[in-house]
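Here is a short briefing on one structure. Topics are grouped below for quick reading.

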Protein chains: 2
Amino acid sequence: MYANKKSEFIEVVSNFLEETSLQDKPTGLQLDAFNPESFRKNVEVAISKLEEYLGDTSIRGINLTNPYELLKQAQNIMLGSGEQEKLEAIIDLYLKTGIAVHSPGYMGRQFSGVIPLAGIMDLVNSTINQPSSFYEAAQLPNVAEEIMANELNQFIGWETGTFAMVTTSGGSLGTLTALLAARNNKFPELWSKGFSALEGQGYPAIAVGDGHYSISRAAGILGIGEEQIVRLPLNDKKQICIEKVRPTLEAAEEKGLTVFAIVSSTGTTTMGAFDPIEQLSHIAQEKNIWLHVDGCHGASLLVCDQLRDKVKGIEKADSFVWDTHKTMFMPGVCTLLFYKNKEKSYGAFHQDASYVFEKQPDVYTQFDRAQQNFECTKRPLIMNLWVTWSIYGRELFANKLEYLCQLTQNAYGILEQEKDFQTVHDPEMNILCFRYLPSNLEETALPEFQVMIRNRLKEGGTFFISKVNVDGKACLRVVFMNHKIEIVHFQLLLREIRKIGQEIIQSA
Amino acid sequence: MYANKKSEFIEVVSNFLEETSLQDKPTGLQLDAFNPESFRKNVEVAISKLEEYLGDTSIRGINLTNPYELLKQAQNIMLGSGEQEKLEAIIDLYLKTGIAVHSPGYMGRQFSGVIPLAGIMDLVNSTINQPSSFYEAAQLPNVAEEIMANELNQFIGWETGTFAMVTTSGGSLGTLTALLAARNNKFPELWSKGFSALEGQGYPAIAVGDGHYSISRAAGILGIGEEQIVRLPLNDKKQICIEKVRPTLEAAEEKGLTVFAIVSSTGTTTMGAFDPIEQLSHIAQEKNIWLHVDGCHGASLLVCDQLRDKVKGIEKADSFVWDTHKTMFMPGVCTLLFYKNKEKSYGAFHQDASYVFEKQPDVYTQFDRAQQNFECTKRPLIMNLWVTWSIYGRELFANKLEYLCQLTQNAYGILEQEKDFQTVHDPEMNILCFRYLPSNLEETALPEFQVMIRNRLKEGGTFFISKVNVDGKACLRVVFMNHKIEIVHFQLLLREIRKIGQEIIQSA
């Protein structure tokens, strides 16, 4: 066994330097940007700005700026001088123009004010730069993936060693990866021979409920065709209507389609609806179809004792994705892709590349992820979650989620009492859709009324909410992602909506 | 115009709180993890560790650890107590087990010790969490993309407003996106109707030189089939052999393939070879084939006055990708995808999703990127590059790249003088492949000799280099990514290789 002891090597170096008459330590090119003193000065600028930002308790939404004006401001900063001065100006502008994700005025989207420790870990991740598709390049991140897989599996319940968890860069990529595993599982020759391998096998298709746009996108990418997606009918809660699944799948088969995957959701993007996963799993199993669950938003309920029932059956899915940058409050992005069957996780991609893949896995390379994830260079995505989990435990996530879901129920209760508001669903998680429909509104005269309210709210800068179409009608949409929001903020929001709505009606 | 003045709103809030007899400021749930004081304490832990790390000038490669031992160490930390104590233990372990990317002993891969300011920006990016596929969620990042596109286009030379630059999460995703744009451009119905739309149109195929494994992967994903890839023959420099391109494409056509894209490289992964882009562009244009350039490693030479000629012709490609996390020394990942024709950049994906896509673009939504990039939630990838570029200018990148390329030439010069080493190419950039072939080596007896040397070097912990197959033979591969490396370090590496090699021969 070769053992290169440190002391021995230092001797070699110093002898070598003497021999080559390079008495001074070699230093390479001098570049001030890499100076540790610059690092300290610059990071101090960033920290004091962020500290102030995190301490700001004001009610703010977004400071929407004309992009051309912002362009000029940014270009002006570039013309300035002084390293710290420029950095300070940039961070000021960045903070000022960003959505105030840590403020109770932000109720708009599915990304959150992050757990600050997770942001700090990204400073470490980015400074020491360890891409994590290969164990040797990112030893601790790969081990942390193993740990987090087992930590989270406590709430899923698969047998140790039989399942797989893969981290990837976003829910869209997670779903694409899972659908590839499903496609290649059903049509093993497709990967290498292309679609010509399909002759006589029926046409590959996927069946989807109220899916995120990335699912149609995946169908377009994979060559299935967006128009070939089999749409599973929804019930009035906008969940997949379980009674209609079998007949819909059978009608598709009759048309010559081979449905290889059903894509369901726990927490749809539109309004946070939860499909009946358990019942879907029975149909999928019976028909030998891969069941994939888009749990990007809702899989986090797994960690909540009070709410875990909402995702019952997820352990029967073949795969599911979970965006920790949504309801685990991580920075964008860290998606977890789970497979019930570990072996199937190797089916998404097949290739050979001598410079990366070892032919015979050893103790190190068996921890490599490159065969399971799309990326070659992948951020050590897991670190933010693992460190946060290690230090604060499950409770932080569970407490926050339980609070947000209760808040959403309370907000729904208020809306139900208000005659000029219409709810469109009983919210299942932390997304709430509704309309402002005062008695003096003539909807035909103001078809864009809800959207106009939303846009003026946004421009006002105090509240930031979103909009969504439900049954072809625009609705206001609130996503509660911040535990600093109290019901009083929602009441204030309703007051603002009324004020703006009445102004719009008056001036129509 | 609705104007919600801040002072007016504060009055509304305070009246409202009085009415509802909530005299105290509402604060929501209390979670210590979100406390600004915890932020300060935790970030101080991270900074002092990183400062020390960046100041370390020792010659180190990697401290390769058995994953099961590392797992135990990580689990032990989880059992500890004290927020800062645990964080400190985690960061220590993370730094200790990471490849020493800032050390002159690291000569192994295409990721680098980052420019520290870029790491600092990731602290800001992750804390304020602004996903950048939509302008309203990330105003400054979207404007910064516009600025960087124009800054970098100074070295490409397209007419302002006619081209597009899209940021995306890694080179594999960039190439997949470009190939989708190319595929959809040639077969417009494929996106919505799937491969059944192709009947009678010839079978879609791509032609590739010495491509990265992500290109075969893309063929598998898109349903083209890995085996259907048309392999363009290489010359002895491992560039696409331009004389053989036309006959190869014509042979493919005769077999019924419709080659819709040629994928060439400026800086192949294997050994940094540069394909003849300019000449390829003429053939592609003549045959109406999309020319995509994988410039992940080499496109950075655009910013170097001394080296720009290497990528001549890139402005004639339809698209090219550029990984700034490789030779622009950014943290993983920030890939730039350039399109010569702006409109074509909208052809990679097609979909409709009311909750994100505005039907009529306004002054804000015209800056949205979601129709051009794969991701829905995307990190504000550009910020690290833009801020670094704004503060240090082009010169930092150019000086570093010119130094590294010169260093590689010098190292090659040394190898050429050493009889027991064999070079396999005259390096074109900062990747150098060679073999240690001492006269007392019987290659047939030790077919794994080069790989054994590489592995023992790695285990030794002082130098980290990689290996690669060239013409079916394993080679040692050095990638110079660090400006702290001097030629003396390379000489030390050769001394180590000789020592290890002789030990292997002795004990065989």
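Arg394(B) touches Phe155(B), Val303(B), Cys304(B), Asp305(B), Arg308(B) and Trp389(B), leaving aside residues up to four places away in sequence. The model is predicted.

**Arg394(B)**
- Helix H13 of chain B, residues 382-417, holds Arg394(B).
- One of the residues touched, Asp305(B), also makes a polar contact with Arg394(B), side chain to side chain, at 3.4 Å.

**Helices H7 and H9 of chain A**
- H7(A) spans residues 171-186, and H9(A) spans residues 213-221.
- The two helices pack at an angle of about 50 degrees, and their axes lie 9 Å apart.
- H7(A) is therefore oblique to H9(A).
- The crossing of H7(A) with H9(A) is right-handed.
- H7(A) contributes Ser172(A), Thr175(A), Leu176(A) and Leu179(A) to the contact.
- These meet Ser214(A), Ile215(A), Ala218(A) and Ile221(A) of H9(A).
- By class, this contact has 5 nonpolar and 3 polar residues. No charged residues take part in the contact of H7(A) with H9(A).

**Chains A and B**
- Two copies of a chain are related by a rotation about an axis and a shift along it.
- Here, a rotation of 180 degrees superposes chain A on chain B, with 0.0 Å of shift along the axis and an RMSD of 0.0 Å.
- The two copies are thus related as by a two-fold rotation axis.
- Both copies use the same surface: 99% of the contact residues of chain A recur in chain B.

Definitions and conventions:
Residues numbered from 1 in each chain as written. Chains lettered and ligands numbered in written order. Predicted model: local features only at pLDDT ≥ 70, side-chain atom pairs only at ≥ 80, totals over all residues. Heavy atoms only, no water. Least-squares fit on C-alpha atoms with pLDDT ≥ 70 in both. Contact = heavy atoms within 4.5 Å. Axes fitted to C-alpha atoms, helices over the stretch in contact; angles between N-to-C directions. Helix = DSSP H or I, 4+ residues; strand = E, 2+ residues; numbered from the N terminus. Parallel < 35°, antiparallel > 145°, perpendicular 65-115°, else oblique. Left-handed = near helix turned anticlockwise from the far one by under 90°. Nonpolar A, V, L, I, M, F, W, Y, C, P; charged D, E, K, R; others polar. Polar contact = N/O pair within 3.5 Å; in protein donor to acceptor, adjacent residues only side chain to side chain.
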